[in-house]
Amino acid sequence: MPAKKYYHTPQFGPLSSSKEVYQPCADSYILMDALEEDLPNIRNTAPTICLEIGSGSGIITSHLHWLLSARDANQLHRCSYLACDINPIAAIASQETFTLNQVPCDMILSSFGKSLLPRLHNSVEVILFNPPYVPTCDSELGGTGIEAAWAGGTDGVAVINEFLPIAEEIMAKNGLMYLVLIEQNKPATFIQTACEKYHWEGEIIKKSVCGERLY
(Lines give C-alpha, C1' and ligand atoms only; values in the text may rest on other atoms or scores of the structure.)
Protein backbone atom coordinates (compact mmCIF):
# COMPACT_ATOMS: atom_id res chain seq x y z
CA MET A 1 0.00 0.00 0.00
CA PRO A 2 1.46 3.41 -0.93
CA ALA A 3 2.51 5.64 1.93
CA LYS A 4 -0.09 8.09 3.12
CA LYS A 5 0.40 11.58 1.72
CA TYR A 6 0.42 14.48 4.12
CA TYR A 7 -0.60 17.83 2.73
CA HIS A 8 0.42 20.90 4.65
CA THR A 9 0.67 24.47 3.47
CA PRO A 10 2.40 26.92 5.79
CA GLN A 11 0.77 30.23 6.53
CA PHE A 12 2.23 33.14 4.56
CA GLY A 13 3.42 36.40 6.06
CA PRO A 14 1.84 39.65 4.77
CA LEU A 15 4.88 40.61 2.70
CA SER A 16 4.76 37.30 0.83
CA SER A 17 2.14 38.84 -1.45
CA SER A 18 4.44 41.72 -2.39
CA LYS A 19 5.40 41.93 -6.06
CA GLU A 20 9.01 42.13 -4.85
CA VAL A 21 8.83 38.64 -3.33
CA TYR A 22 8.74 35.39 -5.31
CA GLN A 23 5.26 33.94 -4.95
CA PRO A 24 4.89 30.25 -4.01
CA CYS A 25 3.83 28.32 -7.11
CA ALA A 26 4.31 24.94 -8.80
CA ASP A 27 8.07 24.80 -8.28
CA SER A 28 7.67 25.57 -4.57
CA TYR A 29 5.12 22.81 -4.14
CA ILE A 30 7.06 20.19 -6.08
CA LEU A 31 10.04 20.86 -3.80
CA MET A 32 7.78 20.48 -0.76
CA ASP A 33 6.46 17.19 -2.21
CA ALA A 34 10.01 15.97 -2.85
CA LEU A 35 11.00 16.68 0.75
CA GLU A 36 8.01 14.72 1.95
CA GLU A 37 8.79 11.83 -0.39
CA ASP A 38 12.41 11.72 0.74
CA LEU A 39 11.65 12.28 4.42
CA PRO A 40 13.02 8.87 5.51
CA ASN A 41 16.43 9.78 4.08
CA ILE A 42 16.31 13.19 5.73
CA ARG A 43 15.45 11.63 9.08
CA ASN A 44 18.26 9.09 8.69
CA THR A 45 20.82 11.89 8.44
CA ALA A 46 19.55 13.23 11.79
CA PRO A 47 20.17 16.80 10.62
CA THR A 48 21.33 19.36 13.14
CA ILE A 49 21.55 22.23 10.61
CA CYS A 50 19.25 22.93 7.65
CA LEU A 51 19.94 25.84 5.31
CA GLU A 52 17.69 27.31 2.63
CA ILE A 53 19.24 29.38 -0.15
CA GLY A 54 16.95 32.11 -1.50
CA SER A 55 14.08 31.53 0.91
CA GLY A 56 11.67 33.99 -0.74
CA SER A 57 8.36 33.63 1.08
CA GLY A 58 9.80 31.19 3.62
CA ILE A 59 7.37 28.34 2.97
CA ILE A 60 9.96 25.67 2.08
CA THR A 61 11.83 25.83 5.37
CA SER A 62 8.53 26.13 7.21
CA HIS A 63 7.32 22.95 5.52
CA LEU A 64 10.53 21.05 6.31
CA HIS A 65 10.27 22.11 9.95
CA TRP A 66 6.72 20.77 10.04
CA LEU A 67 7.78 17.48 8.45
CA LEU A 68 10.60 16.95 10.93
CA SER A 69 8.84 18.01 14.09
CA ALA A 70 5.24 19.18 14.24
CA ARG A 71 3.91 16.14 12.40
CA ASP A 72 5.41 13.75 14.93
CA ALA A 73 4.96 14.99 18.48
CA ASN A 74 6.48 11.81 19.90
CA GLN A 75 9.74 12.33 18.04
CA LEU A 76 10.14 16.08 18.16
CA HIS A 77 13.18 16.77 16.02
CA ARG A 78 15.68 19.31 17.27
CA CYS A 79 17.40 21.08 14.40
CA SER A 80 18.82 24.54 13.76
CA TYR A 81 17.24 26.24 10.75
CA LEU A 82 18.98 28.93 8.72
CA ALA A 83 17.74 30.78 5.63
CA CYS A 84 19.31 33.40 3.41
CA ASP A 85 18.20 35.70 0.61
CA ILE A 86 19.84 38.62 -1.16
CA ASN A 87 16.49 40.40 -1.52
CA PRO A 88 15.90 42.41 1.68
CA ILE A 89 12.11 42.43 1.19
CA ALA A 90 12.10 38.66 0.73
CA ALA A 91 14.19 38.31 3.88
CA ILE A 92 11.53 40.17 5.87
CA ALA A 93 8.75 38.15 4.21
CA SER A 94 10.52 34.91 5.15
CA GLN A 95 10.91 36.00 8.74
CA GLU A 96 7.21 36.85 8.92
CA THR A 97 6.34 33.38 7.62
CA PHE A 98 8.70 31.72 10.09
CA THR A 99 7.10 33.62 12.95
CA LEU A 100 3.57 32.72 11.84
CA ASN A 101 4.50 29.03 11.61
CA GLN A 102 6.56 29.03 14.81
CA VAL A 103 9.71 28.03 12.95
CA PRO A 104 12.90 28.78 14.92
CA CYS A 105 14.82 29.95 11.86
CA ASP A 106 17.57 32.56 11.69
CA MET A 107 17.17 34.76 8.60
CA ILE A 108 20.35 36.08 6.98
CA LEU A 109 20.67 38.73 4.27
CA SER A 110 23.40 37.04 2.27
CA SER A 111 24.32 35.72 -1.16
CA PHE A 112 24.40 31.90 -1.06
CA GLY A 113 25.04 31.98 2.68
CA LYS A 114 28.67 32.95 2.06
CA SER A 115 28.71 34.81 5.38
CA LEU A 116 28.38 31.45 7.15
CA LEU A 117 31.81 30.34 5.99
CA PRO A 118 34.20 29.17 7.31
CA ARG A 119 32.23 28.70 10.55
CA LEU A 120 29.85 26.13 9.03
CA HIS A 121 32.40 24.32 6.89
CA ASN A 122 31.04 20.82 6.10
CA SER A 123 28.39 21.24 8.80
CA VAL A 124 25.04 21.60 6.98
CA GLU A 125 23.18 18.32 6.59
CA VAL A 126 20.26 19.62 4.51
CA ILE A 127 20.40 22.34 1.84
CA LEU A 128 17.22 23.60 0.16
CA PHE A 129 17.42 25.62 -3.05
CA ASN A 130 14.61 26.61 -5.39
CA PRO A 131 17.01 28.46 -7.69
CA PRO A 132 16.54 31.01 -10.43
CA TYR A 133 16.41 28.51 -13.29
CA VAL A 134 14.90 30.48 -16.19
CA PRO A 135 17.33 30.78 -19.13
CA THR A 136 18.19 34.46 -19.60
CA CYS A 137 20.97 36.68 -20.87
CA ASP A 138 23.84 36.84 -18.40
CA SER A 139 23.33 40.62 -18.34
CA GLU A 140 20.19 39.99 -16.27
CA LEU A 141 22.18 38.40 -13.46
CA GLY A 142 23.45 40.12 -10.34
CA GLY A 143 20.30 41.89 -9.16
CA THR A 144 18.98 41.84 -5.60
CA GLY A 145 15.30 42.38 -6.41
CA ILE A 146 12.60 40.03 -7.66
CA GLU A 147 14.63 39.30 -10.81
CA ALA A 148 17.13 37.41 -8.65
CA ALA A 149 14.40 34.82 -8.05
CA TRP A 150 14.07 33.75 -11.69
CA ALA A 151 16.98 34.96 -13.88
CA GLY A 152 19.23 31.92 -14.33
CA GLY A 153 21.62 33.02 -17.08
CA THR A 154 22.87 30.68 -19.80
CA ASP A 155 20.77 27.49 -19.92
CA GLY A 156 19.23 28.67 -16.64
CA VAL A 157 22.05 27.10 -14.59
CA ALA A 158 24.57 29.95 -14.27
CA VAL A 159 23.44 30.85 -10.75
CA ILE A 160 23.22 27.19 -9.70
CA ASN A 161 26.75 26.53 -10.98
CA GLU A 162 27.97 29.54 -9.02
CA PHE A 163 26.52 28.07 -5.86
CA LEU A 164 27.81 24.49 -6.20
CA PRO A 165 31.39 25.18 -4.99
CA ILE A 166 29.89 26.89 -1.94
CA ALA A 167 27.59 23.92 -1.39
CA GLU A 168 30.63 21.66 -1.43
CA GLU A 169 32.18 23.75 1.34
CA ILE A 170 29.18 23.96 3.63
CA MET A 171 27.51 20.58 3.10
CA ALA A 172 28.28 17.82 5.60
CA LYS A 173 29.82 14.62 4.27
CA ASN A 174 26.50 12.82 4.72
CA GLY A 175 24.53 15.89 3.62
CA LEU A 176 21.56 16.18 1.29
CA MET A 177 20.82 18.97 -1.17
CA TYR A 178 17.44 19.50 -2.81
CA LEU A 179 17.00 21.84 -5.77
CA VAL A 180 14.49 22.44 -8.54
CA LEU A 181 15.29 22.26 -12.26
CA ILE A 182 13.29 22.59 -15.47
CA GLU A 183 13.62 20.81 -18.80
CA GLN A 184 15.71 23.63 -20.31
CA ASN A 185 18.32 23.08 -17.60
CA LYS A 186 18.93 19.53 -18.99
CA PRO A 187 18.50 17.92 -15.55
CA ALA A 188 20.05 14.52 -16.29
CA THR A 189 23.17 16.08 -17.83
CA PHE A 190 23.39 18.68 -15.07
CA ILE A 191 23.19 16.07 -12.32
CA GLN A 192 25.76 13.82 -13.98
CA THR A 193 28.21 16.69 -14.49
CA ALA A 194 27.82 18.01 -10.94
CA CYS A 195 28.19 14.57 -9.40
CA GLU A 196 31.32 13.80 -11.39
CA LYS A 197 32.90 17.15 -10.52
CA TYR A 198 32.09 17.15 -6.80
CA HIS A 199 32.01 13.38 -6.20
CA TRP A 200 28.35 13.45 -5.14
CA GLU A 201 25.49 11.08 -5.78
CA GLY A 202 22.31 12.49 -7.28
CA GLU A 203 18.91 11.51 -8.56
CA ILE A 204 15.61 12.98 -9.72
CA ILE A 205 13.12 12.46 -6.91
CA LYS A 206 10.01 14.07 -8.37
CA LYS A 207 8.76 15.08 -11.80
CA SER A 208 5.82 17.30 -12.64
CA VAL A 209 4.32 18.67 -15.82
CA CYS A 210 2.36 21.84 -15.29
CA GLY A 211 3.02 24.08 -18.26
CA GLU A 212 6.75 23.47 -17.74
CA ARG A 213 8.59 20.31 -16.75
CA LEU A 214 9.80 20.59 -13.18
CA TYR A 215 12.33 18.24 -11.57
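Modeller: The model is a predicted one. Ser18 lies in the segment before α1.

Biologist: Why is Ser18 called buried?

Modeller: The relative accessible area of Ser18 is 18%. Buried means under 20%, so Ser18 counts as buried.

Biologist: Which residues is Ser18 in contact with, leaving aside its neighbours within four places in sequence?

Modeller: Ser18 is in contact with Gln23 and Ile89.

Biologist: Which residues of α1 are buried?

Modeller: In α1, the buried residues are Asp27, Ser28, Ile30, Leu31, Met32, Ala34, Leu35 and Glu36.

Biologist: Why is Ser80 called partly exposed?

Modeller: Ser80, in strand β2 (residues 80-85), has a relative accessible area of 42%. Buried means under 20% and exposed over 50%, with partly exposed in between; Ser80 is therefore partly exposed.

Biologist: How far from Ser80 is Pro47 in sequence and in space?

Modeller: Ser80 and Pro47 are 33 residues apart in sequence, and their C-alpha atoms are 8.5 Å apart. Leaving aside neighbours within four places in sequence, Ser80 is in contact with Thr48, Ile49 and Cys50.

Biologist: Let us turn to the backbone. What kind of peptide bond joins Leu117 and Pro118?

Modeller: The bond between Leu117 and Pro118 is cis, with omega at about 0°. Pro118 is in the loop between β3 (105-109) and β4 (124-129).

Biologist: How do you know whether Phe112 and Asp155 are buried or partly exposed?

Modeller: Phe112 has a relative accessible area of 8%, and the limit for buried is under 20%, so Phe112 is buried. Asp155 has 39%, between the limits of 20% and 50%, and is therefore partly exposed.

Biologist: How many aromatic pairs does the structure hold?

Modeller: The structure holds 4 aromatic pairs.

Biologist: Why is the pair of Phe112 and Phe163 called tilted?

Modeller: The ring centres of Phe112 and Phe163 are 5.4 Å apart and the planes are at 45°. Rings pair if their centres lie within 6.5 Å; under 30 degrees counts as stacked, over 60 as edge-to-face and the rest as tilted. The pair of Phe112 and Phe163 is therefore tilted. Phe112 lies in the loop between β3 and β4 and Phe163 in helix α5, so the pair ties together parts 51 residues apart in sequence.

Biologist: What makes Phe163 buried?

Modeller: Its relative accessible area is 0%, and buried means under 20%; Phe163 is therefore buried.

Biologist: Why is the pair of Phe129 and Phe163 called edge-to-face?

Modeller: The ring centres of Phe129 and Phe163 are 5.1 Å apart and the planes are at 70°. Over 60 degrees counts as edge-to-face, so the pair of Phe129 and Phe163 is edge-to-face. Phe129 is in strand β4 and Phe163 in helix α5, so the pair ties together parts 34 residues apart in sequence. Phe129 and Phe163 are both buried.

Biologist: What links Phe112, Phe129 and Phe163 into a cluster?

Modeller: Ring pairs link Phe112, Phe129 and Phe163.

Biologist: What volume does the largest pocket have, and which residues are the closest to its centre?

Modeller: The largest pocket has a volume of about 870 Å³. It is lined by 33 residues, of which Leu176, Met177, Glu201, Gly202 and Glu203 are the closest to its centre. Strand β5 gives the most to this lining, with 9 residues.

Technical notes: Residues are numbered from 1 along each chain as its sequence is written. This is a predicted model: local features need pLDDT of at least 70, side-chain atom pairs count only at pLDDT 80 or more; totals for chains, interfaces and linings use all residues. Side-chain values use heavy atoms; hydrogens and water are left out. On a 1 Å grid over the protein atoms alone, a cavity is a set of points where a 1.4 Å probe fits but cannot get out, and a pocket is an open set with protein on both sides within 12 Å along at least five of seven lines; lining residues have an atom within 4 Å of a point. Grid points are joined across faces, edges and corners, and a volume is the space filled by probe spheres set on the points. Helices (H or I, at least four residues) and strands (E, at least two) are DSSP runs, numbered from the N terminus. Buried means under 20% relative accessible area, exposed over 50%, partly exposed in between (1.4 Å probe, protein chains only). Rings of Phe, Tyr and Trp (its six-membered ring) pair if their centres lie within 6.5 Å; planes under 30 degrees apart count as stacked, over 60 as edge-to-face and the rest as tilted. Contact means heavy atoms within 4.5 Å.
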